[in-house]
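Subject: A structure for you to look through

Dear colleague,

I am passing on the structure below, together with some notes on what was found in it. Please keep the structure open while you read, and look up the residues as they come up.

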Amino acid sequence: MVSASPRGAGRNVDVVVIGGGVLGTAVASRLSCTTASVCLLEAETDVCEGASKGNAGTAVSYYGPPGTPETDLINRSCPGWEALCERLDVPYRRIGAVMVALDEAEAGRLESTADELREAGVRGQLLGPAAVRGLEPLVTGRCVAGLSMPDEGVIDPMALTVAYANLAVTNGAVLRLGAWVTAVHHDDDVTSRVDFTGGSVRCRFIVNAAGVAAGAVSSMAGGEEMRYWPRKGQYAVLDRVFAQQLSRIVFCTHSATTKGINVVPTTHGSALLGPTAADLDDPDDKATDEETVAALIDSAARLVPAISPDFVMKTFAANRPASDEQHRLRFDRQMPRLLHCTNRSAGVSISPAAAEEALALLRQSGLDAQERPDAVAALPRMARLRTEPEPQRLIETDPLYGQVVCACEHVSAAEINRALEMPVPATSVDGVRKRTGATYGRCQGALCTAGISFMTALHTGTGPASVRQTSRGTVGSR
(Lines give C-alpha, C1' and ligand atoms only; values in the text may rest on other atoms or scores of the structure.)
Protein backbone atom coordinates (compact mmCIF):
# COMPACT_ATOMS: atom_id res chain seq x y z
CA MET A 1 0.00 0.00 0.00
CA VAL A 2 1.12 3.55 -0.75
CA SER A 3 -0.59 6.28 1.28
CA ALA A 4 0.37 9.77 2.35
CA SER A 5 -2.19 10.16 5.15
CA PRO A 6 -5.04 8.40 6.94
CA ARG A 7 -7.62 10.05 4.63
CA GLY A 8 -9.41 7.08 3.11
CA ALA A 9 -6.81 4.69 4.49
CA GLY A 10 -9.35 2.45 6.21
CA ARG A 11 -11.53 -0.25 4.75
CA ASN A 12 -14.34 2.20 3.92
CA VAL A 13 -14.06 4.87 1.24
CA ASP A 14 -16.41 6.84 -0.94
CA VAL A 15 -14.92 5.73 -4.27
CA VAL A 16 -12.78 2.81 -5.40
CA VAL A 17 -11.00 3.37 -8.72
CA ILE A 18 -9.91 0.15 -10.44
CA GLY A 19 -6.97 0.62 -12.80
CA GLY A 20 -3.74 2.62 -12.46
CA GLY A 21 -3.45 3.79 -16.06
CA VAL A 22 -3.75 7.38 -17.20
CA LEU A 23 -7.55 7.53 -16.84
CA GLY A 24 -7.71 5.79 -13.47
CA THR A 25 -4.96 7.92 -11.97
CA ALA A 26 -6.48 11.10 -13.46
CA VAL A 27 -9.83 10.34 -11.83
CA ALA A 28 -8.19 9.44 -8.50
CA SER A 29 -6.13 12.64 -8.64
CA ARG A 30 -9.20 14.79 -9.23
CA LEU A 31 -11.22 13.07 -6.51
CA SER A 32 -8.35 13.49 -4.04
CA CYS A 33 -8.74 17.27 -4.30
CA THR A 34 -12.24 16.98 -2.86
CA THR A 35 -13.64 15.82 0.47
CA ALA A 36 -14.41 12.39 -1.02
CA SER A 37 -12.15 9.53 0.10
CA VAL A 38 -10.67 7.38 -2.64
CA CYS A 39 -8.78 4.11 -2.99
CA LEU A 40 -6.97 3.32 -6.25
CA LEU A 41 -6.38 -0.36 -7.01
CA GLU A 42 -3.73 -1.42 -9.55
CA ALA A 43 -3.07 -5.06 -10.36
CA GLU A 44 0.61 -4.55 -11.23
CA THR A 45 3.35 -3.42 -8.84
CA ASP A 46 3.50 0.05 -10.39
CA VAL A 47 1.11 2.44 -12.08
CA CYS A 48 1.26 2.93 -15.85
CA GLU A 49 1.86 -0.68 -16.86
CA GLY A 50 -0.74 -1.07 -19.63
CA ALA A 51 -1.67 1.02 -22.66
CA SER A 52 -0.58 4.20 -20.86
CA LYS A 53 2.98 2.86 -20.85
CA GLY A 54 3.09 2.12 -24.58
CA ASN A 55 1.52 4.75 -26.81
CA ALA A 56 2.50 7.46 -29.26
CA GLY A 57 2.93 10.18 -26.61
CA THR A 58 0.67 12.72 -28.29
CA ALA A 59 -1.83 15.09 -26.72
CA VAL A 60 -4.06 15.70 -29.69
CA SER A 61 -6.41 18.52 -30.63
CA TYR A 62 -8.42 16.28 -32.95
CA TYR A 63 -9.17 12.58 -33.05
CA GLY A 64 -12.61 12.05 -34.54
CA PRO A 65 -15.81 13.60 -35.84
CA PRO A 66 -17.49 16.48 -34.01
CA GLY A 67 -20.44 15.90 -31.73
CA THR A 68 -19.03 12.82 -29.98
CA PRO A 69 -18.25 12.70 -26.25
CA GLU A 70 -14.63 11.85 -27.08
CA THR A 71 -14.24 14.94 -29.26
CA ASP A 72 -15.85 17.09 -26.57
CA LEU A 73 -13.38 15.82 -23.96
CA ILE A 74 -10.42 16.49 -26.27
CA ASN A 75 -11.71 20.01 -26.94
CA ARG A 76 -11.96 20.63 -23.22
CA SER A 77 -8.54 19.14 -22.43
CA CYS A 78 -6.43 20.57 -25.26
CA PRO A 79 -6.19 24.25 -24.25
CA GLY A 80 -5.00 23.45 -20.75
CA TRP A 81 -1.98 21.23 -21.36
CA GLU A 82 0.68 23.87 -20.72
CA ALA A 83 -0.83 24.87 -17.37
CA LEU A 84 -1.49 21.28 -16.27
CA CYS A 85 1.96 20.01 -17.19
CA GLU A 86 3.63 22.99 -15.52
CA ARG A 87 1.63 22.21 -12.38
CA LEU A 88 2.44 18.49 -12.45
CA ASP A 89 6.04 18.83 -13.71
CA VAL A 90 5.36 16.75 -16.84
CA PRO A 91 7.34 17.26 -20.09
CA TYR A 92 5.07 18.66 -22.82
CA ARG A 93 5.56 20.63 -26.05
CA ARG A 94 2.86 22.01 -28.35
CA ILE A 95 4.83 21.58 -31.57
CA GLY A 96 2.00 21.16 -34.09
CA ALA A 97 1.51 18.53 -36.76
CA VAL A 98 1.07 18.18 -40.46
CA MET A 99 -1.12 15.47 -42.02
CA VAL A 100 0.30 14.38 -45.38
CA ALA A 101 -1.55 13.20 -48.49
CA LEU A 102 0.47 11.11 -50.95
CA ASP A 103 -2.09 10.93 -53.80
CA GLU A 104 -5.28 12.60 -54.97
CA ALA A 105 -7.52 10.13 -53.12
CA GLU A 106 -5.79 10.98 -49.84
CA ALA A 107 -6.00 14.68 -50.69
CA GLY A 108 -9.77 14.30 -50.97
CA ARG A 109 -9.89 12.69 -47.53
CA LEU A 110 -7.82 15.57 -46.15
CA GLU A 111 -10.55 17.98 -47.24
CA SER A 112 -13.11 15.94 -45.29
CA THR A 113 -10.82 15.94 -42.27
CA ALA A 114 -10.42 19.72 -42.56
CA ASP A 115 -14.21 20.06 -42.58
CA GLU A 116 -14.41 17.96 -39.40
CA LEU A 117 -11.80 20.16 -37.73
CA ARG A 118 -13.79 23.30 -38.53
CA GLU A 119 -17.02 21.75 -37.23
CA ALA A 120 -15.25 20.69 -34.04
CA GLY A 121 -13.76 24.15 -33.52
CA VAL A 122 -10.19 22.90 -34.00
CA ARG A 123 -7.58 24.94 -35.85
CA GLY A 124 -6.36 23.52 -39.16
CA GLN A 125 -5.36 24.69 -42.62
CA LEU A 126 -5.13 22.89 -45.95
CA LEU A 127 -1.75 23.33 -47.62
CA GLY A 128 -0.12 22.71 -50.94
CA PRO A 129 2.98 20.49 -51.18
CA ALA A 130 5.47 23.38 -51.08
CA ALA A 131 3.87 24.80 -47.93
CA VAL A 132 3.91 21.35 -46.31
CA ARG A 133 7.62 20.99 -46.92
CA GLY A 134 8.12 24.52 -45.69
CA LEU A 135 6.58 23.47 -42.37
CA GLU A 136 8.45 20.18 -42.23
CA PRO A 137 11.33 19.83 -44.72
CA LEU A 138 11.68 16.10 -44.03
CA VAL A 139 8.29 15.34 -45.62
CA THR A 140 8.52 13.37 -48.86
CA GLY A 141 8.59 15.09 -52.24
CA ARG A 142 5.69 12.80 -53.21
CA CYS A 143 3.40 14.88 -50.99
CA VAL A 144 0.48 16.33 -52.99
CA ALA A 145 -1.29 18.13 -50.13
CA GLY A 146 -1.25 18.58 -46.39
CA LEU A 147 -3.23 19.74 -43.40
CA SER A 148 -1.55 21.87 -40.76
CA MET A 149 -2.75 21.20 -37.19
CA PRO A 150 -0.91 23.73 -34.98
CA ASP A 151 -2.39 22.67 -31.63
CA GLU A 152 -1.09 19.09 -31.58
CA GLY A 153 1.38 18.38 -28.80
CA VAL A 154 3.80 15.75 -27.55
CA ILE A 155 3.81 14.63 -23.93
CA ASP A 156 5.49 12.05 -21.73
CA PRO A 157 2.52 9.72 -21.03
CA MET A 158 4.35 7.79 -18.34
CA ALA A 159 5.38 10.93 -16.48
CA LEU A 160 1.78 12.16 -16.75
CA THR A 161 0.33 8.96 -15.28
CA VAL A 162 2.88 8.88 -12.47
CA ALA A 163 2.21 12.56 -11.74
CA TYR A 164 -1.54 11.99 -11.46
CA ALA A 165 -0.83 9.15 -9.02
CA ASN A 166 1.67 11.24 -7.04
CA LEU A 167 -0.84 14.07 -6.65
CA ALA A 168 -3.58 11.64 -5.58
CA VAL A 169 -1.40 10.07 -2.89
CA THR A 170 -0.09 13.45 -1.75
CA ASN A 171 -3.69 14.49 -1.17
CA GLY A 172 -4.47 11.42 0.90
CA ALA A 173 -5.72 8.85 -1.59
CA VAL A 174 -4.78 5.24 -0.88
CA LEU A 175 -2.96 3.40 -3.65
CA ARG A 176 -2.85 -0.39 -3.49
CA LEU A 177 -0.34 -1.95 -5.88
CA GLY A 178 -0.32 -5.64 -6.77
CA ALA A 179 -4.05 -5.56 -6.04
CA TRP A 180 -5.78 -7.87 -8.49
CA VAL A 181 -9.54 -7.48 -8.06
CA THR A 182 -11.03 -10.92 -7.39
CA ALA A 183 -14.67 -10.19 -6.53
CA VAL A 184 -17.20 -7.42 -6.03
CA HIS A 185 -20.06 -7.87 -3.54
CA HIS A 186 -22.96 -5.46 -3.11
CA ASP A 187 -23.91 -5.33 0.56
CA ASP A 188 -27.04 -3.28 -0.11
CA ASP A 189 -28.21 -0.44 -2.34
CA VAL A 190 -25.63 1.88 -0.82
CA THR A 191 -22.32 0.07 -0.31
CA SER A 192 -20.18 -2.50 -2.12
CA ARG A 193 -17.17 -4.55 -1.11
CA VAL A 194 -14.29 -4.93 -3.53
CA ASP A 195 -12.03 -7.91 -2.79
CA PHE A 196 -8.47 -7.92 -4.10
CA THR A 197 -5.28 -9.83 -3.48
CA GLY A 198 -4.21 -8.77 -0.02
CA GLY A 199 -7.44 -7.28 1.27
CA SER A 200 -10.82 -5.71 0.62
CA VAL A 201 -12.39 -2.28 0.73
CA ARG A 202 -15.96 -1.05 1.01
CA CYS A 203 -17.19 1.88 -1.02
CA ARG A 204 -20.23 3.74 -2.33
CA PHE A 205 -19.06 4.01 -5.94
CA ILE A 206 -16.73 2.03 -8.21
CA VAL A 207 -14.92 3.58 -11.17
CA ASN A 208 -13.99 0.93 -13.72
CA ALA A 209 -10.83 2.21 -15.46
CA ALA A 210 -9.33 -1.24 -15.94
CA GLY A 211 -8.55 -0.98 -19.65
CA VAL A 212 -8.49 -4.38 -21.35
CA ALA A 213 -9.77 -5.94 -18.10
CA ALA A 214 -12.78 -3.59 -17.90
CA GLY A 215 -15.18 -6.25 -19.20
CA ALA A 216 -14.11 -8.67 -16.47
CA VAL A 217 -14.52 -5.98 -13.81
CA SER A 218 -18.01 -5.16 -15.07
CA SER A 219 -18.95 -8.82 -14.92
CA MET A 220 -17.64 -9.20 -11.35
CA ALA A 221 -19.59 -6.12 -10.31
CA GLY A 222 -22.85 -7.40 -11.78
CA GLY A 223 -22.74 -4.83 -14.56
CA GLU A 224 -23.63 -5.13 -18.19
CA GLU A 225 -21.79 -7.52 -20.47
CA MET A 226 -18.95 -5.69 -22.20
CA ARG A 227 -16.43 -7.28 -24.52
CA TYR A 228 -12.88 -5.94 -24.46
CA TRP A 229 -9.88 -7.37 -26.26
CA PRO A 230 -6.24 -6.33 -26.68
CA ARG A 231 -5.32 -4.46 -29.85
CA LYS A 232 -1.56 -4.68 -30.15
CA GLY A 233 0.37 -1.76 -31.53
CA GLN A 234 4.03 -2.15 -32.44
CA TYR A 235 6.40 0.83 -32.42
CA ALA A 236 9.96 1.70 -33.40
CA VAL A 237 12.00 4.32 -31.56
CA LEU A 238 14.57 6.33 -33.55
CA ASP A 239 17.58 8.04 -32.03
CA ARG A 240 18.42 11.72 -31.79
CA VAL A 241 20.58 11.71 -34.91
CA PHE A 242 17.33 11.47 -36.85
CA ALA A 243 14.91 13.06 -34.39
CA GLN A 244 16.82 16.34 -34.02
CA GLN A 245 15.98 17.04 -37.68
CA LEU A 246 12.23 16.61 -37.11
CA SER A 247 10.33 19.73 -36.04
CA ARG A 248 6.74 18.51 -35.75
CA ILE A 249 4.47 15.46 -35.81
CA VAL A 250 3.90 13.95 -39.26
CA PHE A 251 0.54 12.18 -39.57
CA CYS A 252 -0.55 10.01 -42.45
CA THR A 253 -3.98 10.74 -43.93
CA HIS A 254 -6.70 9.07 -41.89
CA SER A 255 -8.99 6.54 -43.52
CA ALA A 256 -12.38 5.21 -42.45
CA THR A 257 -10.72 2.25 -40.71
CA THR A 258 -7.36 3.45 -39.37
CA LYS A 259 -5.35 6.43 -38.21
CA GLY A 260 -2.32 4.67 -39.71
CA ILE A 261 1.42 4.99 -39.06
CA ASN A 262 2.75 8.32 -37.83
CA VAL A 263 6.14 9.93 -37.12
CA VAL A 264 6.22 11.59 -33.70
CA PRO A 265 9.01 13.52 -31.96
CA THR A 266 9.14 12.62 -28.26
CA THR A 267 9.73 14.80 -25.23
CA HIS A 268 12.98 12.86 -24.67
CA GLY A 269 14.48 13.90 -28.01
CA SER A 270 13.92 10.64 -29.87
CA ALA A 271 11.22 9.91 -32.48
CA LEU A 272 8.49 7.30 -32.47
CA LEU A 273 7.05 5.42 -35.45
CA GLY A 274 3.69 3.70 -35.13
CA PRO A 275 1.43 2.22 -34.15
CA THR A 276 0.35 -0.87 -36.00
CA ALA A 277 -2.94 -2.54 -35.04
CA ALA A 278 -3.61 -6.26 -34.59
CA ASP A 279 -6.43 -7.72 -32.50
CA LEU A 280 -5.35 -10.45 -30.08
CA ASP A 281 -6.71 -12.80 -27.44
CA ASP A 282 -3.77 -12.66 -25.02
CA PRO A 283 -3.42 -9.32 -23.17
CA ASP A 284 0.12 -10.28 -22.13
CA ASP A 285 1.33 -10.69 -25.73
CA LYS A 286 3.58 -7.66 -26.16
CA ALA A 287 6.09 -9.21 -28.53
CA THR A 288 7.38 -7.49 -31.64
CA ASP A 289 8.27 -9.30 -34.86
CA GLU A 290 10.69 -8.40 -37.61
CA GLU A 291 8.14 -8.52 -40.43
CA THR A 292 5.72 -6.09 -38.77
CA VAL A 293 8.50 -3.73 -37.68
CA ALA A 294 9.96 -3.71 -41.20
CA ALA A 295 6.53 -2.87 -42.65
CA LEU A 296 6.10 -0.17 -39.99
CA ILE A 297 9.41 1.46 -40.91
CA ASP A 298 8.57 1.25 -44.61
CA SER A 299 5.18 2.93 -44.05
CA ALA A 300 6.77 5.73 -42.04
CA ALA A 301 9.48 6.20 -44.68
CA ARG A 302 6.76 6.87 -47.27
CA LEU A 303 5.99 10.01 -45.26
CA VAL A 304 9.57 10.86 -44.27
CA PRO A 305 12.15 9.24 -46.61
CA ALA A 306 15.06 10.09 -44.28
CA ILE A 307 13.84 7.34 -41.95
CA SER A 308 16.14 4.32 -42.00
CA PRO A 309 16.47 1.13 -39.94
CA ASP A 310 19.93 2.42 -39.01
CA PHE A 311 18.31 4.97 -36.68
CA VAL A 312 16.19 2.41 -34.82
CA MET A 313 17.38 1.88 -31.25
CA LYS A 314 14.36 0.06 -29.84
CA THR A 315 11.10 -1.64 -30.78
CA PHE A 316 8.24 -2.36 -28.42
CA ALA A 317 4.56 -3.25 -28.36
CA ALA A 318 1.62 -2.44 -26.13
CA ASN A 319 -2.02 -3.43 -26.04
CA ARG A 320 -4.76 -0.83 -26.07
CA PRO A 321 -8.30 -1.73 -24.92
CA ALA A 322 -10.43 -2.35 -28.02
CA SER A 323 -14.15 -2.76 -27.49
CA ASP A 324 -17.46 -2.62 -29.31
CA GLU A 325 -17.87 0.80 -27.66
CA GLN A 326 -14.72 2.81 -28.36
CA HIS A 327 -15.29 5.30 -25.55
CA ARG A 328 -17.09 4.72 -22.25
CA LEU A 329 -17.54 7.39 -19.64
CA ARG A 330 -20.94 6.60 -18.21
CA PHE A 331 -22.69 4.69 -15.47
CA ASP A 332 -23.47 1.04 -16.03
CA ARG A 333 -26.98 0.37 -17.31
CA GLN A 334 -27.51 -2.45 -14.78
CA MET A 335 -25.43 -1.35 -11.80
CA PRO A 336 -26.01 2.38 -11.14
CA ARG A 337 -23.05 2.79 -8.77
CA LEU A 338 -20.54 1.46 -11.32
CA LEU A 339 -18.98 4.17 -13.49
CA HIS A 340 -17.08 3.01 -16.57
CA CYS A 341 -14.12 5.09 -17.70
CA THR A 342 -12.27 3.57 -20.67
CA ASN A 343 -11.04 4.70 -24.06
CA ARG A 344 -9.38 2.75 -26.85
CA SER A 345 -6.72 5.14 -28.07
CA ALA A 346 -7.13 8.68 -26.76
CA GLY A 347 -6.86 8.15 -23.01
CA VAL A 348 -3.96 10.56 -22.58
CA SER A 349 -5.61 13.29 -24.66
CA ILE A 350 -8.96 13.14 -22.84
CA SER A 351 -7.63 12.51 -19.33
CA PRO A 352 -7.94 16.01 -17.80
CA ALA A 353 -11.52 16.55 -18.95
CA ALA A 354 -12.46 12.90 -18.38
CA ALA A 355 -11.47 13.26 -14.73
CA GLU A 356 -13.63 16.37 -14.40
CA GLU A 357 -16.53 14.62 -16.12
CA ALA A 358 -16.22 11.57 -13.89
CA LEU A 359 -16.39 13.79 -10.81
CA ALA A 360 -19.45 15.59 -12.20
CA LEU A 361 -21.22 12.29 -12.90
CA LEU A 362 -20.45 10.99 -9.41
CA ARG A 363 -21.75 14.19 -7.85
CA GLN A 364 -24.95 13.93 -9.89
CA SER A 365 -25.40 10.42 -8.49
CA GLY A 366 -25.11 11.57 -4.90
CA LEU A 367 -21.40 11.69 -4.08
CA ASP A 368 -20.75 14.47 -1.57
CA ALA A 369 -17.44 15.79 -2.89
CA GLN A 370 -16.72 19.38 -1.94
CA GLU A 371 -13.56 21.11 -3.11
CA ARG A 372 -10.85 21.04 -0.41
CA PRO A 373 -9.17 24.39 0.19
CA ASP A 374 -6.16 22.55 1.64
CA ALA A 375 -5.68 20.24 -1.35
CA VAL A 376 -2.23 20.25 -2.97
CA ALA A 377 -2.60 21.46 -6.56
CA ALA A 378 1.01 21.26 -7.81
CA LEU A 379 3.92 18.87 -7.51
CA PRO A 380 7.50 19.95 -6.76
CA ARG A 381 9.59 20.51 -9.85
CA MET A 382 12.39 18.01 -10.45
CA ALA A 383 15.34 19.70 -12.10
CA ARG A 384 16.59 17.65 -15.06
CA LEU A 385 20.27 17.71 -15.87
CA ARG A 386 19.69 17.15 -19.60
CA THR A 387 17.53 20.24 -20.02
CA GLU A 388 19.07 22.48 -17.36
CA PRO A 389 20.68 25.56 -18.99
CA GLU A 390 23.07 25.99 -16.05
CA PRO A 391 24.03 22.47 -14.93
CA GLN A 392 26.85 23.73 -12.69
CA ARG A 393 24.28 25.53 -10.57
CA LEU A 394 22.45 22.25 -10.01
CA ILE A 395 25.66 20.51 -9.01
CA GLU A 396 26.44 23.24 -6.51
CA THR A 397 22.96 22.81 -5.03
CA ASP A 398 23.22 19.02 -4.92
CA PRO A 399 26.53 17.28 -5.76
CA LEU A 400 24.58 14.17 -6.86
CA TYR A 401 23.66 16.07 -10.01
CA GLY A 402 27.33 15.75 -10.89
CA GLN A 403 27.14 11.95 -10.78
CA VAL A 404 25.74 11.01 -14.19
CA VAL A 405 24.32 7.48 -14.08
CA CYS A 406 22.74 7.36 -17.54
CA ALA A 407 25.19 8.96 -19.96
CA CYS A 408 22.94 8.74 -23.04
CA GLU A 409 20.11 10.70 -21.41
CA HIS A 410 22.23 12.69 -18.91
CA VAL A 411 20.24 11.38 -15.93
CA SER A 412 21.96 12.02 -12.62
CA ALA A 413 21.98 10.17 -9.31
CA ALA A 414 19.96 13.05 -7.83
CA GLU A 415 17.12 12.45 -10.30
CA ILE A 416 17.15 8.70 -9.70
CA ASN A 417 17.04 9.24 -5.93
CA ARG A 418 14.06 11.52 -6.43
CA ALA A 419 12.27 8.83 -8.47
CA LEU A 420 12.90 6.29 -5.72
CA GLU A 421 11.56 8.61 -3.02
CA MET A 422 8.52 10.31 -4.57
CA PRO A 423 4.99 9.66 -3.18
CA VAL A 424 4.54 6.77 -5.63
CA PRO A 425 8.16 5.66 -5.81
CA ALA A 426 9.91 3.56 -8.41
CA THR A 427 10.57 0.04 -7.17
CA SER A 428 12.21 -1.33 -10.33
CA VAL A 429 14.68 -0.32 -13.02
CA ASP A 430 11.75 0.19 -15.38
CA GLY A 431 10.02 2.30 -12.74
CA VAL A 432 13.08 4.56 -12.66
CA ARG A 433 12.95 4.75 -16.47
CA LYS A 434 9.31 5.85 -16.41
CA ARG A 435 10.09 8.63 -13.93
CA THR A 436 13.45 9.91 -15.25
CA GLY A 437 14.06 8.71 -18.81
CA ALA A 438 17.15 6.72 -17.76
CA THR A 439 17.88 3.83 -20.20
CA TYR A 440 15.90 5.62 -22.98
CA GLY A 441 19.03 6.37 -25.01
CA ARG A 442 20.98 4.70 -27.78
CA CYS A 443 22.55 2.02 -25.55
CA GLN A 444 19.13 1.15 -24.03
CA GLY A 445 20.58 0.65 -20.57
CA ALA A 446 23.64 -1.39 -21.52
CA LEU A 447 25.88 1.01 -19.59
CA CYS A 448 23.61 2.28 -16.83
CA THR A 449 21.41 -0.65 -15.76
CA ALA A 450 23.98 -1.80 -13.19
CA GLY A 451 24.09 1.62 -11.51
CA ILE A 452 20.30 2.01 -11.54
CA SER A 453 19.88 -1.52 -10.19
CA PHE A 454 22.29 -0.77 -7.34
CA MET A 455 20.46 2.41 -6.36
CA THR A 456 17.07 0.68 -6.67
CA ALA A 457 18.28 -2.20 -4.51
CA LEU A 458 19.43 0.22 -1.80
CA HIS A 459 16.02 1.91 -1.68
CA THR A 460 13.92 -1.25 -1.88
CA GLY A 461 16.03 -3.51 0.34
CA THR A 462 16.58 -6.10 -2.37
CA GLY A 463 19.73 -7.78 -3.62
CA PRO A 464 21.48 -7.89 -6.99
CA ALA A 465 19.56 -10.96 -8.14
CA SER A 466 16.15 -9.90 -6.81
CA VAL A 467 15.92 -6.19 -7.65
CA ARG A 468 13.10 -5.74 -10.12
CA GLN A 469 13.78 -5.04 -13.79
CA THR A 470 10.10 -4.49 -14.56
CA SER A 471 6.86 -4.68 -12.60
CA ARG A 472 7.10 -8.49 -12.81
CA GLY A 473 10.61 -9.71 -13.69
CA THR A 474 13.94 -9.24 -11.92
CA VAL A 475 17.31 -8.09 -13.16
CA GLY A 476 18.72 -11.45 -12.12
CA SER A 477 16.21 -13.43 -14.25
CA ARG A 478 17.44 -15.61 -17.06
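The protein chain exposes about 19,200 Å², of which carbon and sulfur atoms supply 52%; accessible areas come from the Shrake-Rupley method with a 1.4 Å probe, and for residues only the protein chains shown count as cover. Please bear in mind that this is a predicted model, in which local features need pLDDT of at least 70 and side-chain atom pairs count only at pLDDT 80 or more, while totals for chains, interfaces and linings use all residues. Residues are numbered from 1 along each chain as its sequence is written, and side-chain values use heavy atoms, with hydrogens and water left out.

First, the chain as a whole. A compact globule of 478 residues would have a radius of gyration near 23 Å, and the 22 Å of the protein chain agrees with that; the radius is taken over C-alpha atoms, and the globule rule is 2.2 Å times the number of residues to the power 0.38. Along its principal axes, the C-alpha trace spans about 65 × 55 × 45 Å. The chain holds 14 helices and 24 strands, where helices (H or I, at least four residues) and strands (E, at least two) are DSSP runs numbered from the N terminus. Buried residues make up 57% of the 478 residues, where buried means under 20% relative accessible area, exposed over 50% and partly exposed in between (1.4 Å probe, protein chains only). Among contacts (heavy atoms within 4.5 Å) between residues at least 6 apart in sequence, 72% join residues at least 24 apart.

Leu 362 is buried, because its relative accessible area is 0%. Leaving aside neighbours within four places in sequence, Leu 362 is in contact with several residues, including Val 15, Phe 205, Val 207 and Leu 367. The C-alpha atoms of Leu 362 and Val 207 are separated by 9.4 Å, although these two residues are 155 residues apart along the chain.

Next come the aromatic rings. The structure holds 4 aromatic pairs, counted when the ring centres of Phe, Tyr and Trp (its six-membered ring) lie within 6.5 Å; planes under 30 degrees apart count as stacked, over 60 as edge-to-face and the rest as tilted. One of them, formed by Trp 81 and Tyr 92, is stacked, with 6.2 Å centre to centre and 25° between the planes. Trp 81 lies in helix H3 (residues 81–88) and Tyr 92 in strand S5 (residues 92–93), so the pair ties together parts that are 11 residues apart in sequence. Trp 81 counts as buried at 0% relative accessibility, and Tyr 92 also counts as buried, at 13%. The rings of Phe 242 and Phe 311 have their centres 5.7 Å apart and their planes at 40°, so this pair is tilted.

Finally, the cysteines. A search of the whole structure finds 0 disulfides, a disulfide being a pair of cysteine sulfur atoms within 2.5 Å. For Cys 143, which is in no disulfide, the nearest cysteine sulfur is that of Cys 252, 13 Å away. Cys 443 is in no disulfide either, and its nearest cysteine sulfur, that of Cys 408, is 3.8 Å away.
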